[in-house]
Amino acid sequence: MTPRIFFYANFGNWNRQPYGGGEIGNRRTLGMMRRAGYDVHLIEKYNRVFKHTISDAFVIISLMAWNIIKFFFILLFGRRENSIVHIVGYYGSTIYFERILVGISHLLGYHTLYEMRGGGASFHFNNGSKQYKHFFAATVRLADYIFSQGLENKPLLDDIAPNKHFFYYPNCVMREFFPDTYPDKPTDHINLLYFGRISKKKNVDIIIDTFNLLAAKYYNIYLDIVGNCPEPVYAEEIMHKINVSKYTNRISMHPACDHNKLKGYLSDKHFYLFPTTEPREGHSNALTEAMAWGIIPVATDMGFNRTIVGNNSLIVEKLSSESFASTISQIIESGNIPELSKQAYIRIQNNYTEDIIYNRLKEEYKILFNQLSTNK
């Protein structure tokens, strides 16, 4: 009997490019499950609503209710033998909803896997209400297995549910996105890069201020920004900063693009600036993909950045353009760009490739299904 996975997750609109790391990651997980030969039954989560009006709140509540009904009936008439229910969760405000799903799966006699995507688990728990802490702890304890996008979640889980089965399941760089060989970098100029969503919580304005500080010191430094801005007021602020910069001729803006075109922006870059303060920052696909091209990351200590980067000297402790400029300047002056560039490339090769994560996921699921057979 082929092992079956009931996979509950948000995949987005299948006719469009996925929005955000969550939808990208869930589609990749689905592909890996199928590649491993499992019988995967999708239970699709409602698509997100981008606005937050009263009418949109009513829509979300209705979609959640329908999701719960659909989830219940699919599992009610589903095959329990040699099956696992894999629920992708984001805790925070959705923990109450996710507690219901995990409870339904458990009640109907399924082995249940709760996957924690995104960051901020400790922040939400430590700053949450008594009610929130109760629901989060109940969700984690009721699940048979925990998958986590970040190792940073392990201490919290150990406190709440000691000895709970835990599997570190990070994002990865897809095989077709990797350069065939290490991409040598230009030596006659220095290229800075940001790509991803342009938003206030990503602090792209600090990137421009950082560039201005460095450009005043180095005549051969350039900045490329790739992405779209969903916030009109912030988009105007960014364009104004670029236009009034004394070095505006060395700043290039590009719209968001597909991965094939993105490779052209990454190949000759030296530094990837990532001053995010996004509370839900998890494992950034952009950060991992930049490092895969030998781009030195300089990032804030948000989400799982510290683990991914693997070099504390590249984590900026204070959110300021001066701190980012100082870190980059020290690397330039020390002549360590080639060394750190190759280290970034090798770190991804050794830890976060599609093949590495696929083999780990396949082996982990093999262990779980073997346990089901043993415990019959």
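**Aromatic pairs.** I counted 25 aromatic pairs in this predicted model, where the rings of Phe, Tyr and Trp (its six-membered ring) pair if their centres lie within 6.5 Å. I sorted them by the angle between planes: under 30 degrees is stacked, over 60 is edge-to-face, and the rest are tilted.

**Y132 and F136.** I looked up this pair and found it stacked, with 6.2 Å centre to centre and 20° between the planes. Both residues belong to helix α5 (residues 130–142), where they are four residues apart and thus separated by about one helical turn. A helix here is a DSSP run of H or I with at least four residues, numbered from the N terminus. I then checked accessibility, taking buried as under 20% relative accessible area with a 1.4 Å probe, protein chains only. Y132 is buried at 5%, and F136 is buried at 0%.

**F167 and Y169.** I noted that this pair is stacked, because the ring centres are 6.2 Å apart and the planes are at 20°. F167 is buried at 6%, and Y169 is buried at 4%. Ring pairs also place F167 and Y169 in a cluster with Y38, F147, Y365 and F369.

**Charges over rings.** I required NZ of Lys or CZ of Arg within 6 Å of the ring centre and within 35 degrees of the ring normal. R35 lies over the face of Y358, 3.7 Å from the ring centre. The charged end of R280 sits over the ring of Y91, at 5.0 Å from its centre.

**Basis.** Residues are numbered from 1 along each chain as its sequence is written, and side-chain values use heavy atoms, without hydrogens and water. As the model is predicted, local features need pLDDT of at least 70 and side-chain atom pairs count only at pLDDT 80 or more, while totals for chains, interfaces and linings use all residues.

Definitions and conventions. Helix = DSSP H or I, 4+ residues; strand = E, 2+ residues; numbered from the N terminus. Buried < 20%, exposed > 50% of the residue type's maximum accessible area, 1.4 Å probe, protein only.
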